[in-house]
Each structure stands twice: as C-alpha cells, then as structure tokens.
Amino acid sequence: MNKPLSQSNQPLLTLSSVRKQFGGVRALEDANLELHAGSVTALLGENGAGKSTLVKILTGVLQPDGGEIRINGSSVRIESPRAALQLGISAIHQESVVFGALSVAENICINARPRRRTPLGPLLVDWTEMRRRARILLSELEIDLDPDQPVSELTIAQKHLVQIARALNGAHRIVIMDEPTAALSRRETEDLFRIARRLQNQGSALLFIGHKFDEIFALSNRYAVFRDGSTIAQGLLRDTTQERLIADMVGRIVEQRFPAPNPHLGSELLRVEALSQTPFFRDVSFSVRRGEILGFYGLVGAGRSELMQALFGLQAAQEGKVFLDGDAVDIRSPEAAIHNGLALVPEDRQHQGAILDLAITDNISLPNLHRLGCRGFIRRRRERSATQPLMQYLQIKAAGQHQRVRELSGGNQQKVVLAKWLATRPRLLILDEPTKGIDIGAKVAVYQLIRELADQGIAIILVSSELPEVLGLSNRVAVMRHGRVRALFEYGQAQPEQVMRAATGAGEYA
Amino acid sequence: MKRYSLHSPPRETGLALLTAAMLAGMILAYPHMASLRTLTALLDDTAILILLACGQMTVLLTRGVDLSVAANVALTGMVLALINHHWPERGVLPVLLAAPVLGALLGAINGVLVWRLRVPPIVATLGTLAIYRGLVFVLSEGAWINSNQMSADFLDLPRASWLGFTVLSWLALGGATCMGLWLHYSERGRNIRAAGDNPDAALYAGIDVGRSQFHAFVVSGALAGLCGYLWVARFGVAYTDVAQGFELQVIAACVIGGVSINGGVGTVAGALLGCLFLGVLNNALPLLGLSPFWQMAVSGLALTIAVVFNARAQSSGKRSFIQSPARGSAQ
C-alpha cells in the first residue's frame, strides 16, 4: 500500500446526488464521489453498477438529470467533452479510442494540436512541434514508438499506450482510468502504475476503475463502492478490508425472491470437453442435464459470451468436443445449432436479438419460417396462430401482434426474443444476460419463466453478471475468469463473496 | 503528405504507374499523340472532375457522400449564365466570386440536413439532387442559354492560356494543392479526417463530428459552384441536363484513387490520380474503336477492381488487429 499523502481537506472534485436515467432504466440514482488532489481513488462495483455512466458524465459525453458537480468548491457544468478537457479532466478509456489512419503524434495531440503563427493568426497545424511534443511525452513515459507511424499498425496494447500519452497531453488535473489494465501485460501494467504514481506526486487527482484487487490495493489510497447506481461506501482504503469491499459490492442479502431449483433432473443432454478458442477461452469442460439450470458467472471479458457463441456455431472453436445426448456433434453455423435443438438469446437484445422495426409476429416466426411455409411462401394465418399462444404464455404486453418491437418496453422486448426461440422448441436454451436493463417486475417474470422451462425438461445455460440472479436460479454455477472455468458451485453452497473472489482472482494475490 | 509516403506508399504509386503505363501504351500505339498538346488537353478534360473529386473526397472522409454535386454544378452554372446574360457589362469577376459562394450555400443546405436534422448523407443529397435539378428547370423555364447569349470574357476565361496551361487546368492544379494543404495543415481539415476515421474517438477528443460533416459539405458545394461556372463557360451552354449523372464519375474517381467509402482514409494525391486514370481511360478507349457503351463497362470494371483492392487492403488491416496479442497477454 502507498504511504499516506498529505492532503488538503477540500476535495478537488465532488459529486453529490448525481442522477441519470435512460428511458425506464435508472443508471445512476444517488452517485456521490470525492476526488482529492494527489490521491488515487478506486471506484468499485459490479457490472452495471453505474461506473461507465459516471465516467461519461465526468467526461461530458452525458449530462446528468440531477445532482451537482463541484470543482475546487465551485459548481460546474460539463456540457461537452471539450468542456471536460478545458476543466482539466482527461480519461483513459477501457477500449482504445484511437484514430487508425492518423499518426501516433497526431493521436497524442488530437485534443490540442499545436499551431503555427501566420499573418492571419495561428491557423496552421504545426507538424514539427506536434512530433516534438509527442516524442517528449513518449520518452517521458518510456514508450518506444515512432511518432510518424500510423496507429492502425500498432498492437492493441500499444494503442492503449498512445491513449495514455494523449490523456497526459495538456492540462490533466483529474485523470480517469477506466479499466486501463485490461489490455495490458504485466510489464505494461507496471509502467502504467509508475506513470500514475508520478501524476499523483504532481498533484493530480486520479480515479481508477478496476476489478483486480491486487491492482486496486497496489495503486489506490481511497475508494468508493457503487451498487445499483448509488454510492454505498467511500473512504480511505487503509480503513477497510477486501472482504468489506466485496460485501459492499454484492450487497449482503440476496434481495429478490427466486423459485428454488428443481432437484430432480433428467439425463445428461450436453457435454463439452476441453473446448478452446484463443484468446477468448481455453480448456472449458462442463455438462448440462435436462431440466437443469447451469449458471455462468464472470466479469466482462471473462470469455462467457464467446463460449456461448462457439456452442451456437457463430464462431468455430479450435479444439475440443461437444456431445448432445452422447453423440459427438460439430456445429459450425447457427442453422446447424437450431437444427440440433439449440437456442441462444443473445446479450445485446437491440442489435442481436430482436429486429426492432418488425412486428412482434414477424420477429417470433423468424427462425421458424420453414415450419410455417408452403413452397417458399409464408402462410400468414399459420404464422399468426403460432404466435398467439406464445404471446399469451409469456404475457407480452402489446397493442397487438402487429405492433413493432421498438415500441415495447425493455422487458417485453426481451419476452419477444424469448418467444422467438421458444417457438423453435429447443432442447437446450442458452440465455446471455436475459435480464440486462429491464425493470424489476419484468425480471421476476423472466425468472419464473426460466424456472418453468427447466421444469418442462429443457436444459438451460444462464449467463449472467448479476450475482443474486445466478446464485438464486442455478442448480450449479460455473465461474469464469480469463477464459477458464475457475470454480463450480452447487446450489446453496456458494456464498456471494466466494463467487466474487473466484471471478476477480482476489485472494490469489493476498 | 511527406508523412504518408514514409509508411504507406503502395496504393498511390501503383495507380500512378498504371496510369503512366496506359498513357505510354496509347502514345506507342498512336505516335502522333506524343506531344505536349495531348497532355495539356488531357488535363483540360479532367480539370472539372479533379475539382469535384477534391470536394467529394472531403465528404467521403467524414463517412458521408455528396450525390448532389452534379446538380449543384447545373444549378450554379444556370444562375451564373443567367446573370451574365442579363448583365453582360458587369464582366466575369463578379461571376467568378459568386460561383463558389452560391455553391457553398447549396452545400451548406446538405450540411445542415446532415448535421442538425441528422438525415443520412446519402438520403439528404439524393433529395437535394432532385431539388437542385428541378430548380434549374424552374429558373430557365426549360430553355437553353447558348454561347451567343453569354459575353465573350465569360466564355473565354477558362480557355485562356498561361505558361502553357489553360486557366481551367491551373484552377484544377491550384484547387487540388489548396485542398491537400487544407486537409493536412488546418485544424478543420484534421478534424474532418479524425471524425471520419473514428467518430467515437473524435467525440471523446472534443471534436464535433456533425460540424465536421457540415464543413465537408460546404467545401464540396463551393468547389461544385466554381465548376458550375467552368462547365457552362467551357461547353458554352447551360441547360437542365448539364453534368447529368456526373456525380457517379466523381465518386468513382475518388474510390479508384483509394479514398475509402468508410471514411477517414484517402489523400488528395490519390483522388487526383483517380481522375487522371479515368481521363486517360476515356481518351484511350475511343482510339481503340470501342463503342461508348463499352467504355462505360470498362470504366465500371476499373471501379469494381478498385473497390475490391480497397476492401482487401482494409480487411488485411483488420486481420492483423485481431491477431495482435490482445487478451492473450492480459494475464
């Protein structure tokens, strides 16, 4: 841990009761945060706790619906990314936001390109000065890159370093690091930490967002924990423990009521042996029985979605075997997957799940057209009569079968996607984040439905980043980290803290 | 531009060599063509295409497309011809000033549609294309303005010769040079490139992507306006169907020159070579005795091959992106 620093009492930046809502979804409810000059504050929270929204508000990309932001005690409005830069707020983003066709030097100086004087004023971009400035920044950071190289030729880690150099070009009183180490190797991470400590000593206030506890404790001296869009706790890191932080992140009690899993399971339906696809997942083995719900928990980027896409034939796995009912199968396309009785409800409902501008009926019948067809033409009446019972069964609230999916609420959109796949009468249903971004009432309805489907003998794989949901619904929970299954828990045996530890790798370093 | 030659020479040089080879082949087959006159005539023929391509590539850089350039040429050309017809005593200077201003206004309409009303560029300019064409008919009441209705200085300026080249050619060369410098050295030019390269990153960098698109449309419009005068004066006639369908040739020249339809990628030098390539092709094919319809097919073939080349260059770039040790080294 770091040596305690002398700090003034007044924070450099204060957020009080900041709120932000998207349609019906509350992303931030009561966000409070203090950043102090010369200190690193770690921001902790589960996926969906509101961290990204907070970063977007601080960088001027989004405007808050309410609350106050103060810098040095005076209230400010961060109305655009440009305004954020002028206030001295710069950010290093999770995914590298760089310009592939532009040179390293221009990428670094894009926020403030140096100008050359002309008789009409400083109108021209001064390329010589830009290269010189980039070279100085790169050498200060001990990064060995040619300022003239186009960024598209760099590796992802190098692109990230370019982004870090950009954040340090110009004023940077407040530096936000949004999971900056995700793309970096161990050595590059150490370089980043060295840079962060120097900024800290220069009096900048740093906000560090990360999931790895060893990094958080190595770098930060303050912390703030977010849960469901609200600040749960904040203070000095030396006054707390890893266990306390985890408890704050997941919440002490499982708040929703879940129907208990069915203990009487059928025969084994799916068996996966040593499935690998570099760099996403490696050596993954598991099995699912009829009527069973197998949960997959992990952080974003742990490889869960990629694993499911491989099972469904979207991305071919490089090694390993898949068995259905004991027979080896080789599924290389979604068509083959559907033919084998698989269904995948994808994570990104709006882009991969539903076709928003089509009617409910058209969406539901999309993967089933061969059953509704007659010599290449679709029988509209048969289509309608196939949809109606599903809409009733799932209690989809809509003006009618012909309403466009775009006009429905998030929960009902998700039900349409579910209905679409139920209509294929799957043997194995893969649900990737089925309750992401839908309100609590709709969530409970989806939980009931998942349970009922399992009771009907469908094998279900539930990928979810919501810990209570995975623990409450699943017969067994597999925890993934860095593309491998790290732990497998039976229903009722797993404590949220244990699962979180397996997902973050905490404890391995302690 | 020195910057690009360091790392990515192949596309422009390849096209330059191909164009030179075609020219050499043409001259070898028809030795009487081997004169400076052939070259200056070629430049004269492609000058308007070059100016329009400089504007079009700016819009393409921002991930947009300007389908209304040829209609803009026709409308500005008609307005200027009418001005000259009614006030011939004012001379050519006001016309020369009014041309880019009027064109820029028409371009600004596209820009506002895209920036403020968020209409997709292809739809916005498809609409204005029809509107501008229609306005030409409304203004002229369907009549032609012929060379005998225009003043001599109005007609002669583009053809006037200076240091071996016509004013028309000088304007094309000067315009291309200015556009190259502007895109390379001005803040706005750099923002246009950045906004098309990666709009998300541009947003975070404090660049107004919509405003950059607006600027690109205004520039494209101003150049189209200038070309409106040049076209009418060169061919000595203004009517509704002036430059009908020419926007497609302009886009083709840009694409052949390596300007990406997906934005962010492309140089003025490339666009210039694309224009010269099409110019040589259009001069060479009639010599081979091909019918005009075959000429269209050959131009189309060249365009298709260029697009395939571009797509392959881009996808190979993407492949290296995935193969780089991204998450594999995250341990």
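## An enclosed strand

A residue is termed buried if 20 or more other C-beta atoms lie within 10 Å of its own, exposed if 12 or fewer, and partly exposed in between, with C-beta atoms placed from the backbone. Five of the five residues of strand E10 (residues 205-209) of chain A are buried, so the strand is largely enclosed by the rest of the structure. Strands (E, at least two residues) and helices (H or I, at least four) are DSSP runs, numbered from the N terminus.

This is a predicted model, in which local features need pLDDT of at least 70 and side-chain atom pairs count only at pLDDT 80 or more, while totals for chains, interfaces and linings use all residues. Residues are numbered from 1 along each chain as its sequence is written, and chains are lettered from A and ligands numbered from 1 in the order in which they are written.

## Partners of E10(A)

Two strands pair if DSSP finds at least two bridges between them. E10(A) pairs in the parallel sense with strand E3 (residues 40-44) of chain A over four bridges, and with strand E9 (residues 174-178) of chain A, also in the parallel sense, over five bridges. Leu207(A) in E10(A) stands opposite Thr41(A) and opposite Ile176(A).

## A six-stranded sheet

In chain A, six strands form an open sheet of mixed pairing, in the order E18-E21-E22-E15-E23-E24. Strand E18 (342-345) and strand E24 (484-490) of chain A each have a single partner strand and stand at the edges, so one side of each is left without a neighbour in the sheet.

E18(A) pairs with strand E21 (residues 428-432) of chain A in the parallel sense over four bridges. Within this pairing, Val345(A) has Leu431(A) in E21(A) as its bridge partner.

## Two packed helices in chain B

Helix H3 (residues 36-61) and helix H13 (residues 268-287) of chain B pack with their axes 9 Å apart, at an angle of about 140°. Axes are lines fitted to C-alpha atoms, for helices over the stretch in contact, and angles run from 0 to 180 degrees between N-to-C directions. By class, the contact of H3(B) with H13(B) has 13 nonpolar, four polar and one charged residues. Here Ala, Val, Leu, Ile, Met, Phe, Trp, Tyr, Cys and Pro count as nonpolar, Asp, Glu, Lys and Arg as charged, and the others, Gly among them, as polar.
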